[in-house]
Amino acid sequence: MKYPRVLVFLAGAFLCGFAGTSHGQTCDGNLLADGDFEGVNAWSQSSSSSFFIINGISSAHSGTTVAWMGGSGSSDTWTLSQDAIIGTDYYADLVFFMKVSGLLSGDRLDVYVDDDILYTIDSTITGYDDWNYVAIDVGGYTDGLAHTVKFMGTLTGSVYIDDVCLTTS
């Protein structure tokens, strides 16, 4: 498997790949359903404190709904996942917008494809107090099979995820 490359940009600098809709941001050819969390909820979500992850409580990157993990005042475990078939094209990217708030030592959220951790958010991350664009190369999974995209971790502080897109080319 190839090692993933990760690119991070300020949200204001991201201009390609997303087109506006009445619900916010979408992306052409998204292999994930409801990547903007505005429509039919296709995501599996769980938290050890029984809070809903996908909600309209916090300000979203686009639209009115966001995936909000953490912020319950105690260290809880959060999981958000969805299965998608990744085609046999050579290139594949998982992209999303993210912001964080109040992460404490020991807070950690990992981004997975299947059981492989491709990106980690923890208390050492800086510069994410506003929406940032994250892109992860997932070309190593272009085999025409179903794979699980998952955000999972233990958090006291808050991590917000919005406009998740998985595409191939």
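Here is a short walk through a predicted model, from its disulfide to its salt bridge and then to one of its strands.

Let's begin with the cysteines. A search of the whole structure turns up one disulfide, and this bond joins C27 to C165, with an S to S distance of 1.6 Å. What does the pair tie together?

Next, look for charged partners. The structure holds one salt bridge. In this salt bridge R108 is paired with D110, and their closest N and O atoms are 2.9 Å apart. Are the two partners buried or exposed? R108 is partly exposed, with a relative accessible area of 37%. D110, with a relative accessible area of 6%, counts as buried because the cut-off for that word is under 20%.

Finally, turn to strand β7, which covers residues 76-85. Seven of its ten residues are buried, so β7 is largely enclosed by the rest of the structure. Which strands pair with β7? One is strand β4 (residues 44-47), which pairs with β7 in the antiparallel sense over four bridges; here S46 stands opposite T79 of β7. Another is strand β12 (residues 146-155), which runs antiparallel to β7 and is joined to it by ten bridges. To find one of these contacts, look for L80, whose bridge partner in β12 is F151.

How values were computed
Residues are numbered from 1 along each chain as its sequence is written. This is a predicted model: local features need pLDDT of at least 70, side-chain atom pairs count only at pLDDT 80 or more; totals for chains, interfaces and linings use all residues. Side-chain values use heavy atoms; hydrogens and water are left out. A disulfide is a pair of cysteine sulfur atoms within 2.5 Å. A salt bridge is a side-chain nitrogen of Lys or Arg within 4 Å of a carboxyl oxygen of Asp or Glu. Buried means under 20% relative accessible area, exposed over 50%, partly exposed in between (1.4 Å probe, protein chains only). Helices (H or I, at least four residues) and strands (E, at least two) are DSSP runs, numbered from the N terminus. Two strands pair if DSSP finds at least two bridges between them.
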